[in-house]
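Hi,

Here is the structure I promised to pass on. Have a look at it first, and then read on for what turned up when I went through it.

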Amino acid sequence: MLYSVRMRASKQREKKRPGSGADPTGNGIHISGAEGLYRKEEIAAAVDGCTARALGHSRGEPDSIFITIEKITEAPKRIRTLPLVTVRNRSCESARRLIREFLLNISVSEEAIRTALEIVSEPAAMRGAAIVRARSGLRVDPDYHRGVRVSRLGITPRAGQNLSRELSRYALDCDTVREALILASKVASCGPVIAELCVSDDPDYTTGYVASRAFGYARLPHIKRRNARTGGRVFFIRENAIPDAAISYLEKTPVMVTGISPCHGTCSASEIIGHRHL
Ligand code: WAQ
Ligand code: MG
C-alpha cells in the first residue's frame with residue numbers, strides 16, 4: 001500500500017495591505033513544496049524531510065507548513081525518467097533564444113512561447129504550473145494564482161539509487177535535479193502535454209529546463225539572473241486538448257518512476273534537437 005505525502009509552506013505578506021500585491025488569495029506567499037509516494041514505513045522519514053526543507057528554504061521562513069498524507073488506492077502507472085542532458089549556454093539572453101529554438105521545433109507557437117516567458121518572468125507567487133495552449137497561447141488552468149500542482153508521483157528506492165548513480169557522473173545528484181526530473185517525467189507522460197518550461201523560483205538557483213517526449217529533459221543554465229525572485233512552470237498542451245482531463249491526470253493519477261533513461265553531459269542545442277529522443 002502506498003501513501004502520497006505532500007507539503008506546502010507559505011508565509012503571510014510582510015507589509016499587510018489586504019487585497020493588494022502578491023497574495024490575493026490570502027493563502028500566503030508560496031515558499032516551498034514537495035511531493036512523493038511512499039510505503040508506510042517510509043512516511044516518518046518523508047515527513048521529516050519535508051519539514052526540514054520547509055524550514056531551511058532560501059525563499060524565506062514559513063508561517064505555516066501543511067503536510068498531507070493520503071492513502072493511494074489505485075496502482076500507480078509505471079514510467080521511466082526522460083533522458084537528461086545539459087544545454088551549452090552562458091547567458092540569460094541566449095537562454096531565451098534557446099528556449100524558443102527548442103519549443104518552435106516541436107510546434108509550440110511564438111504566441112504560446114511569449115505567454116510562457118511572461119509567466120515565468122513574474123515574481124513567483126504561484127505554487128503550481130500554468131497550462132497554455134500550444135498554438136493560440138491561451139492560458140487555460142482555472143486558478144491563475146495557484147496554477148496546477150502536479151502530485152502523486154514518486155520513485156521506487158531501486159530506481160532512486162540508479163538515478164543517483166547516473167546523475168552523480170555529472171555531479172548533479174541533488175534533490176533539486178532529482179525531483180525536477182521526476183516531475184518532468186510525469187508531466188511528459190501526460191498525453192496532451194507537448195512540452196514544459198521550468199524556471200526555479202529559488203533566488204539562488206539559476207538553471208531551468210525545457211522538457212518534452214521529443215528531446216527529453218534539457219537543462220538550461222543561466223535561465224534567470226541570480227537573486228531574481230521570478231520563476232514558474234508552464235505546461236504546453238495540444239491546442240484542442242481538454243484541459244480538465246490533463247489536470248486530473250497531473251494532480252490525481254499516481255505515477256511511479258520505476259526505470260531510468262540515460263543521462264548525458266553538456267551538448268549544444270542543435271545536437272540535442274538533431275538527436276530527438278537522444
Ligand atoms: N506542480 C506544478 N508546479 C510546480 C510544482 C508542482 N508539484 N512544484 C513547483 N511548481 C512550480 C511553481 O510555480 C514554482 O514556483 C516553480 O514551479 C518552480 O519550482 O536540472 O527548483 O521547486 O538543475 O523552485 C529545475 C532545474 C529546478 C533542475 C526546478 O523548481 C536542474 C525547481 P521549484
Ligand atoms: Mg522553489
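Let's start with the ligand and Tyr205: in this predicted model, an oxygen atom of ligand 1 sits 2.5 Å from an N or O atom in the side chain of Y205. For R233, the distance from a side-chain N or O atom to an oxygen atom of ligand 1 is 3.0 Å, and for D202 it is 3.2 Å.

The shell around ligand 1 is made up of 24 residues, and the closest are G128, V150, D201, Y205 and Y217. Sorted by class, there are 12 nonpolar, 5 polar and 7 charged residues in that shell. If you want to find the shell by secondary structure, the elements that give two or more residues to it are α5 (175–188), β8 (193–199), β10 (216–220) and β11 (232–237). Helix α5 provides the largest share, with 4 residues.

Is α5 mostly enclosed or mostly open? Of its 14 residues, 11 are buried, so the helix is largely enclosed by the rest of the structure. The buried ones are V177, R178, A180, L181, I182, L183, A184, S185, K186, V187 and A188. You'll spot R178 and K186 among them.

Now compare that with α2, residues 92–105. With 14 residues at 1.5 Å each step, α2 should span 20 Å, and its end C-alpha atoms are 20 Å apart, which agrees. Its buried residues are C92, S94, A95, L98, I99, F102 and L103. They cover an arc of only 165° around the axis, which puts them on the same side of α2. Just after α2 comes S107, with a positive phi of about 70°.

On the subject of backbone angles, most residues other than glycine have a negative phi. Two more residues are worth a look here. R152 is not a glycine, yet its phi is positive, about 55°. You'll find R152 in the loop between β6 (129–133) and β7 (153–155). Is R152 buried or exposed? Its relative accessibility is 17%, and with the cut-off for buried at under 20%, R152 counts as buried. Its side chain also has a partner: it makes a polar contact with the side chain of E70, at 3.0 Å.

The other one is H222, again a residue other than glycine with a positive phi, near 60°. H222 itself counts as partly exposed, at 34% relative accessibility.

Finally, a few pairs that you can check by clicking on C-alpha atoms:

- I119 and T230 are 111 residues apart along the chain, and their C-alpha atoms are separated by 9.0 Å. I119 is in helix α3 (residues 110–120) and is buried, with a relative accessible area of 12%.
- N162 and T258 are 96 residues apart in sequence and 9.8 Å apart in space, C-alpha to C-alpha. N162 is in helix α4 (residues 157–168) and is partly exposed, with a relative accessible area of 28%.
- S58 and V148 are 90 residues apart in sequence, and their C-alpha atoms are 23 Å apart in space. S58 is in the loop between α1 (43–55) and β3 (64–72) and counts as partly exposed, at 37% relative accessibility.

Cheers

Definitions and conventions:
Residues numbered from 1 in each chain as written. Chains lettered and ligands numbered in written order. Predicted model: local features only at pLDDT ≥ 70, side-chain atom pairs only at ≥ 80, totals over all residues. Heavy atoms only, no water. Expected span 1.5 Å × (residues − 1). Buried < 20%, exposed > 50% of the residue type's maximum accessible area, 1.4 Å probe, protein only. Arc of directions from axis to C-beta. Near = heavy atom within 4 Å. Polar contact = N/O pair within 3.5 Å; in protein donor to acceptor, adjacent residues only side chain to side chain. Nonpolar A, V, L, I, M, F, W, Y, C, P; charged D, E, K, R; others polar.
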